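Subject: Structure handover

Hello,

Here is the structure I promised to pass on. Please open it first, then read the notes below.

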Amino acid sequence: MLKQQLFSLTKENYRLPFAIDGRGTVMTTRADCIPVLSWPDGRWCLEANLYMLELYERGLSRKNGGGSLKTYAANISHFIRYCFDNRTDFIYLTDSQFTLFMKGLQVESKSKNSKIKIRDANTIINIGRNCLDFLDCVGRFHNQSDFVSKKGRIRAEKKEHQIKIEGNNKRIQRSYWYHHAFPLPDPKVKVLPISSINIKKLQEAIYQISHSHFLKRRRQIMLMMLEITGGRRGEIVSLTVKSVMKAKLMKEPMLELMTLKRRSSHKRQIPIPSPDLDRLINFIEKNRRHVVRNTIGLNHDHGYVFISETSGKPLRAQTISQEIYLLAKAAGIEEKAHAHMFRHRFITKLFVALIEQHNIQNKDDFRRALLDVEAMKQKVQQWTGHTNTASLEGYINLAFEEVTNFKKTYDALMLQRRVESACNQISLIRNEMISLSITEVSLQIEQLLSTLLLELEHCNKYQTR
């Protein structure tokens, strides 16, 4: 029987030998979550696995269940299956066959009678580039360095382009593969921040589709964390209980989040309103603890906040996407609604606040401020986890479009977030009164009132400054 998925990931405790020291001891290095590829009939695919090792040595991410390595493995899986079906070894492939492979990706549809394509042109180009990179590795393995080249057996070429680094005159050189069979790229679709109306619809849909109290609470906390932190999916599921409890001890709570898309481990601090922090802790100490006790056991607690109700294991980033999809479908949201749109919303709101704080009048002034005012630049990068301010360019336009309707300074924005957080809690308690006991409702209301009093005191101090 042929395999549906051509790769599996190495286990969490897997280590790869790389040398033998003077005493004859084998030295190993951590090598978890590396894709191991096979042919569709189950046989080991030597060249594909050598390519995975090459990508591993290049330092591609393996975070959150495989990261970029898993994406490459999934992309070249299409090509491995094509060569298997055509009974062709990689090294004997012709340029005409590779062209047919690329054409095949473009004509595939969801069903025989459907005209809806599975992949857009940009996705097909990415698959093609990954496959050419793989074939280049195959050529070097068989001592044919020109196997993929302008005049090679596979007629493709590597092109160069430069990326400007903001803040200095340096440019980074980047290369990419090109083949004549690639389709014309689709224009990049501008993804807008998720709207307040759709966030409310997602929150209301939780009560329609959640079949357990734990799922309901986890989904509420998930939406809250996406909105108030601007974190990527992988960063949200990497949140730890230790980080939350550390924030609890701070006068001005700051939540520590992992920053993805960096080769080295990096974390950033993001402020979290006290009412939201209280909700998060309540989820950890009650709902999460109960599931951990009944699944993996408290002695084997891994420390991640977001867990599976059935296994107690940490959630994967893809689960966040699946949850948003289910909620959006139940809510009847026709526009796009996915996790990264919460990040767009967070960054746009942050820019709006900074524009107002510095009384910036136009986009050019704001761009200059990002380069010249170090404090502003550091705050933007600290909260969003970007390494290059050029990546933030698209949010500038969104911020200036919104600024006329968002007249708040940075401090006023933080006060507004506190009030909104408290109002959200009141709304959630009202929705839960049907399923909770009177005692539970009373305790939540008492805790909320205590928090509100503290926030009102903070507001009074701000207004008298």
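Helices here are DSSP runs of H or I with at least four residues, strands are runs of E with at least two, and both are numbered from the N terminus. Please keep in mind that this is a predicted model.

**Overall picture**

The protein has 465 residues, and 44% of them are buried. Its secondary structure comes to 16 helices and nine strands. The accessible surface is about 26100 Å². Carbon and sulfur atoms account for 51% of that surface. I also looked at contacts between residues at least 6 apart in sequence. Of these, 64% join residues at least 24 apart.

**The loop between H9 and H10**

Start with Lys313. It sits in the loop that runs between helix H9 (274-294) and helix H10 (317-331). Lys313 counts as exposed because its relative accessibility is 54%, and the cut-off for exposed is over 50%. Lys313 also belongs to a positive surface patch, together with Lys11, Lys70 and Arg316.

Ile296 is in the loop between H9 and H10 too. Its relative accessibility is 24%, so Ile296 counts as partly exposed. How far apart are Ile296 and Lys313 in sequence and in space? They are 17 residues apart in sequence, and their C-alpha atoms are 7.7 Å apart. Leave aside the neighbours of Ile296 within four places in sequence, and its contacts are Asp301, His302, Ser311 and Gly312.

**Salt bridges**

The count comes to 17 salt bridges. Three of them are worth a look.

Take Arg140 and Asp136 to begin with. Their side chains meet in a salt bridge, at 3.4 Å from N to O. Both are in helix H4 (residues 121-141), four residues apart, so about one helical turn separates them. Arg140 is partly exposed, at 38% relative accessibility. Asp136 is buried, with a relative accessible area of 13%.

Next come Lys150 and Glu157. Their side chains form a salt bridge at 3.7 Å, N to O. Lys150 is exposed, with a relative accessible area of 59%. Glu157 is partly exposed, at 25% relative accessibility.

Then there is Glu227 with Arg345. The closest N and O atoms of this salt bridge are 3.8 Å apart. Glu227 lies in helix H6 (residues 213-229) and Arg345 in helix H11 (residues 339-357), so the pair ties together parts that are 118 residues apart in sequence. Is Arg345 buried or exposed? Arg345 counts as buried, at 15% relative accessibility. Glu227 is partly exposed, at 23%.

Salt bridges can also share partners. Glu54, Arg58, Asp133, Asp136 and Arg140 are joined in this way into one network.

**A nonpolar patch**

Which residues form a nonpolar patch on the surface? They are Trp44, Leu46 and Phe141. Together they have about 330 Å² of accessible area. Leu46 belongs to helix H1 (residues 46-58). At 40% relative accessibility, Leu46 is partly exposed.

**A buried serine**

Ser243 is in helix H8 (residues 241-248). Its relative accessible area is 4%, so Ser243 counts as buried. Apart from residues up to four places away in sequence, Ser243 touches Leu255 and Glu256.

Most residues other than glycine have a negative phi. Two residues to check against that are Cys33 and Arg87.

Cys33 has a positive phi of about 60°, and it is not a glycine. You will find Cys33 in the loop between strand S3 (26-30) and strand S4 (35-37). Cys33 is buried, at 13% relative accessibility.

Arg87 is not a glycine either, and its phi is positive, near 50°. Its place is the loop between helix H2 (63-85) and helix H3 (95-107). With 81% relative accessibility, Arg87 counts as exposed.

**Where to look**

Go on to the salt bridge of Arg140 and Asp136. Then view the network that includes Glu54 and Arg58. Finish with the positive phi of Cys33 and that of Arg87.

Best wishes

Note on methods:
Residues numbered from 1 in each chain as written. Predicted model: local features only at pLDDT ≥ 70, side-chain atom pairs only at ≥ 80, totals over all residues. Heavy atoms only, no water. Patch = residues over 30% accessible without salt bridge, like charges linked within 9 Å, V, L, I, M, F, W, Y side chains within 5 Å. Areas by Shrake-Rupley, 256 points an atom, 1.4 Å probe, with all protein chains shown as cover. Salt bridge = Lys/Arg side-chain N within 4 Å of Asp/Glu carboxyl O. Lys, Arg positive; Asp, Glu negative; His and termini not counted. Charge placed at Lys NZ, Arg CZ, Asp CG, Glu CD. Buried < 20%, exposed > 50% of the residue type's maximum accessible area, 1.4 Å probe, protein only. Contact = heavy atoms within 4.5 Å.
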